[in-house]
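Open the model in your viewer and follow along.

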Amino acid sequence: MSKPKITVIGSINMDLVTKTNTIPKVGETVLGESFFTIPGGKGANQAVAAARLGAEVTMIGCVGDDAFGSELKNHLTAQGVSMENVKTIPETSTGIASITLSNGDNSIIIVSGANHFVTPEVVKQHEHIIAESDIVLLQLEVPLQSVIEAVQLARKHNVRVILNPAPIQKLPKELILQVDYITPNEHEQEMLLSRNDMTDEELIQVKEKCIVTKGSKGVMLYQNGETFIQGYKVKAVDSTGAGDSFNGALAFSLSNGAALKESCQFANAVAALSVTKLGAQAGMPTLQEAEEFIS
Ligand code: ATP
């Protein structure tokens with residue numbers, strides 16, 4: 001059987017994590033406890049989730065011409081993601097998230113860097129890849145105009161689109177109405193549906209596209225009436241990237257021909273497994289691991 005083809009157009013970041021007891025005040029220098037780097041970015045995370053499960057994943061994105069850029073390209077290639085269509089942008093830094101962890105709290109600075117160069121033109125250059133995909137998977141960490149371009153090209157070629165509306169921002173209603181599935185968390189769903197430029201009928205249409213992730217509680221979907229899928233009880237170690245695992249798994253299952261409810265049940269299990277290990281990508285299971293967990 002041929003592998004499902006998923007194209008992810010999105011962000012590629014390196015997360016720079018510092019653990020410290022004391023957060024420095026302005027002008028102060030403190031000694032931290034530890035430092036580590038973890039590959040991240042919603043686009044890259046979702047690509048890895050789908051590739052681990054066995055999809056043929058093509059990433060469209062940009063990295064900078066720095067050490068993080070080449071490290072991430074190598075890393076994602078090793079995870080089975082095709083990086084041939086990821087551009088290296090000269091004199092630009094790779095996207096980073098600088099994360100400070102201190103006594104259970106965190107503060108984060110994101111510099112989008114090369115992700116900013118995923119322009120509508122870059123998306124257009126890859127129309128042939130979009131056209132050959134079973135599913136296009138999108139998030140909102142690259143310019144919005146590029147997301148809009150990707151949705152239009154996918155529509156043109158009758159390719160299904162999943163939009164993970166994170167980080168949430170005001171979206172043009174035409175965009176929301178054109179995608180097949182939207183995967184907000186509870187907070188993002190509230191933002192999506194609280195707008196006054198849509199008719200009641202349009203709001204119902206949007207709601208029916210929504211697959212709402214509710215953390216440990218599980219998942220809610222609204223197509224053909226409301227369906228609630230209970231979350232798995234697992235020992236959660238790190239919930240970072242749970243949503244990304246969910247989206248990658250949903251794309252994998254739908255593109256493999258499964259029905260929506262079945263795909264959400266599968267993604268719910270994959271995402272639950274992913275929170276049992278430290279790091280967004282580290283806990284993402286293979287298909288065999290997911291099937292063993294479910295059975
Ligand atoms: P993130 O931004 O951290 O990636 P998110 O807010 O986008 O997360 P969540 O709704 O928190 O997404 O989680 C996505 C899915 O992951 C949930 O619908 C559920 O299937 C699974 N999940 C998350 N946390 C847990 C948990 N503690 N136990 C079991 N499953 C979980």
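**The whole chain**

Among contacts (heavy atoms within 4.5 Å) in the chain between residues at least 6 apart in sequence, 69% join residues at least 24 apart. Please keep in mind that this is a predicted model, where local features need pLDDT of at least 70, side-chain atom pairs count only at pLDDT 80 or more, and totals for chains, interfaces and linings use all residues. Residues are numbered from 1 along each chain as its sequence is written, and side-chain values use heavy atoms, with hydrogens and water left out.

Switch to cartoon view: the chain has eleven helices and 14 strands (DSSP runs of H or I, at least four residues, for helices and of E, at least two, for strands, numbered from the N terminus). Show the C-alpha trace next, which spans about 55 × 45 × 45 Å along its principal axes. Colour by burial, and 50% of the 295 residues are buried (under 20% relative accessible area; exposed is over 50%, partly exposed in between, with a 1.4 Å probe and protein chains only).

**Helix H8**

Now select residues 200–209, helix H8. Which of its residues are buried? Look for Glu 202, Val 206 and Lys 209. These residues lie on the same side of H8, because they cover an arc of only 60° around the axis (taken from the directions from the helix axis to the C-beta atoms).

Turn to the other side of H8 to find Asp 200, Glu 201 and Ile 204 exposed. Finally, display what the buried residues of H8 pack against: helix H6 (173–178), strand S11 (181–182), helix H7 (186–193) and strand S12 (211–213).
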